[in-house]
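Here is a note for a colleague who is opening this structure for the first time.

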Amino acid sequence: VSDAVAKFIFFPVTIFGNDIPLIIFWILFAGIFFTIYFKGIAVWGFKHAIMNVAKPSEKSHEGFGEVSSFQALATALSGTIGIGSIAGVAISISIGGPGAAFWIFVGALLGMSIKFVEASLAVKYRRFNLDGSVSGGPMYYISHGLTRKNLRWLGQPLAIIFAALLIPGALGGGNMLQVNQATQQMINITGGEHSIFYLHPWLFGLITAIIVGFVIVGGIKSIAKVTSRIVPFMCMLYVGLALLIICLNFTQIPHAIWLVIKQAFVPDAVYGGVAGTIIIGLRRSVQSNEAGTGSAPIAYATVKTKEPISQGFISLLEPFLTACLCSLSAAAIILTGAYKNYQDGITGVQLTSEAFQRVFEWSPYILAAVIILFALSTIISWAYYGQKGLTYLVGENKKWIRFYQIAFCLIIVAGSMMNLTSIVNFTDAGLLAMAVPNIVAMYILFPDLKKDIRHYCKKHNFGKFY
């Protein structure tokens, strides 16, 4: 099934003798367009984004909502800074070579402006429910925003399509890939083929499903509390270990930088040429930072604020931080030379684990703890995303919500036993398909944001561009 879905979504066009999926151009062009239109907002708005998180203004962060700006950012980060930042980078390098790491970073930088538009629109067009909870995300700004533009005939079906795609997207990238790679690392540190999890991987899946089940029944407030605690801890732990490995291999840094840049534009034939390296890098970039897919705006919509643009600026940090984490993973893999043993096919967390183990024999155990925390936080966030897609289609029906939560947890068990290649194809196809209706709506609604930005910058007395 995943192969059939991937074949449909990644429909290629032949350019200079290479088959390039059209969907990659769709997201790449959006990133370039919004970066130019908003005059490089990822650069001039970055400092304000940091200040908004470090010292939020009372005017920007008071209002109706469910969570704080930091909690919304942490929830969105937990959905993006997951296995994609560790195993996803390893997958791209094992298929596309070291040069793929360069295109992952480029994709993330272009994704910052996309994320700004998504987050701002999500807060602007969110809906408050009778119980005080918030519903928001692409489904709502697609339907409500386009209706205000007298395009209801287009907005309603696109919103339904997005919501329908969001559910399998949550089950794939936000669920199966995460638990699959966490299970693999548990097998690695508990005896390999002699591990109880090697013979019965569903056991680890079941344990994970029970933990996730207890968290997601509490809704976004429970999820935000958990992710706001997990995300900073797991990031510091992983970053500290990766930086230590980089420092101990500092003499190899110039060669590694040269290798990445060289193979980004002139890769070895074994990696499928320049086009193959770019495609692999951009695919993994989308899977790691999710810019354009419309997932993170669902979390941003729940923030307590009266100013949608304030959360848009804060969202700039998400793809950047994700890119930094991906770069640390790539640096560890390339500096240690571990990637040279994984050029015969797709591999994930095993490659990252070997890179760390080459420096510290005990590091796979630390890596396992980090991966499990990454996987848990991502699964928890995506459980909420998929749930909001379902409730958009069937309403805030408690029976349907409970059915979805049970099914989501069962998929966790299934994901622990599945083949990695099938999961990667299904994940990429699901996430990239979500970008089609989402970006269509963004192209229609983005002119209104320029007025909002101008008003916001004047009010807060910053930004020479507006």
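Burial comes up throughout: buried means under 20% relative accessible area, exposed over 50%, and partly exposed in between, with a 1.4 Å probe and protein chains only. This is a predicted model, in which local features need pLDDT of at least 70, side-chain atom pairs count only at pLDDT 80 or more, and totals for chains, interfaces and linings use all residues. Residues are numbered from 1 along each chain as its sequence is written, and side-chain values use heavy atoms, with hydrogens and water left out.

1. **K39.** Start with K39, which is partly exposed because its relative accessibility is 40%. K39 sits in the loop between α2 and α3. Helices (H or I, at least four residues) and strands (E, at least two) are DSSP runs, numbered from the N terminus. The phi of K39 is near 55 degrees, a positive value in a residue other than glycine. Most residues other than glycine have a negative phi.

2. **N150.** N150 lies in the loop between α8 (138-148) and α9 (152-189). Is N150 buried or exposed? With a relative accessible area of 67%, N150 is exposed.

3. **Aromatic pairs.** The structure holds 24 aromatic pairs. Rings of Phe, Tyr and Trp (its six-membered ring) pair if their centres lie within 6.5 Å; planes under 30 degrees apart count as stacked, over 60 as edge-to-face and the rest as tilted. F38 and F116 make an edge-to-face pair, with 5.8 Å centre to centre and 65 degrees between the planes. This pair links distant parts of the chain, 78 residues apart: F38 is in the loop between α2 (22-37) and α3 (41-44), and F116 is in helix α7. F38 counts as buried because its relative accessible area is 0%. F116 is buried too, at 0% relative accessibility.

4. **A pair of sequence neighbours.** F102 and W103 also pair edge-to-face, at 5.0 Å centre to centre and 90 degrees between the planes. F102 is partly exposed, with a relative accessible area of 26%. W103, at 13%, is buried.

5. **The ring cluster.** Which residues do ring pairs link into a cluster? They are W26, F29, F33, F34, Y37, F38, W44, F116, F313, Y443, F446 and Y456. K450 lies over the face of Y37, at 4.6 Å from the ring centre. A charge sits over a ring if NZ of Lys or CZ of Arg is within 6 Å of the ring centre and within 35 degrees of the ring normal.

6. **S120.** Look next at S120 in helix α7 (residues 99-124). S120 is buried because its relative accessibility is 0%. Leaving out residues up to four places away in sequence, S120 touches P308, I309, G312 and L449. Contact means heavy atoms within 4.5 Å.

7. **The second largest pocket.** On a 1 Å grid over the protein atoms alone, a cavity is a set of points where a 1.4 Å probe fits but cannot get out; a pocket is an open set with protein on both sides within 12 Å along at least five of seven lines; lining residues have an atom within 4 Å of a point. Grid points are joined across faces, edges and corners, and a volume is the space filled by probe spheres set on the points. The second largest pocket holds about 360 Å³ of space. Its lining has 18 residues, and the closest to the centre are A101, V260, S327, A330 and A331. Two or more lining residues come from each of α7, α13 (253-265) and α17 (317-335). The largest share, seven residues, is from α17. By class, this lining has 17 nonpolar, one polar and no charged residues. Ala, Val, Leu, Ile, Met, Phe, Trp, Tyr, Cys and Pro count as nonpolar, Asp, Glu, Lys and Arg as charged, and the others, Gly among them, as polar.

8. **The largest cavity.** A search of the whole structure finds two cavities of 30 Å³ or more. The largest cavity has a volume of about 130 Å³. Among its 15 lining residues, I27, L28, G107, L282 and V286 are the closest to its centre. At least two lining residues each come from α2, α7 and α14 (273-289). The largest share, five residues, is from α2. By class, the lining of the largest cavity has ten nonpolar, five polar and no charged residues.
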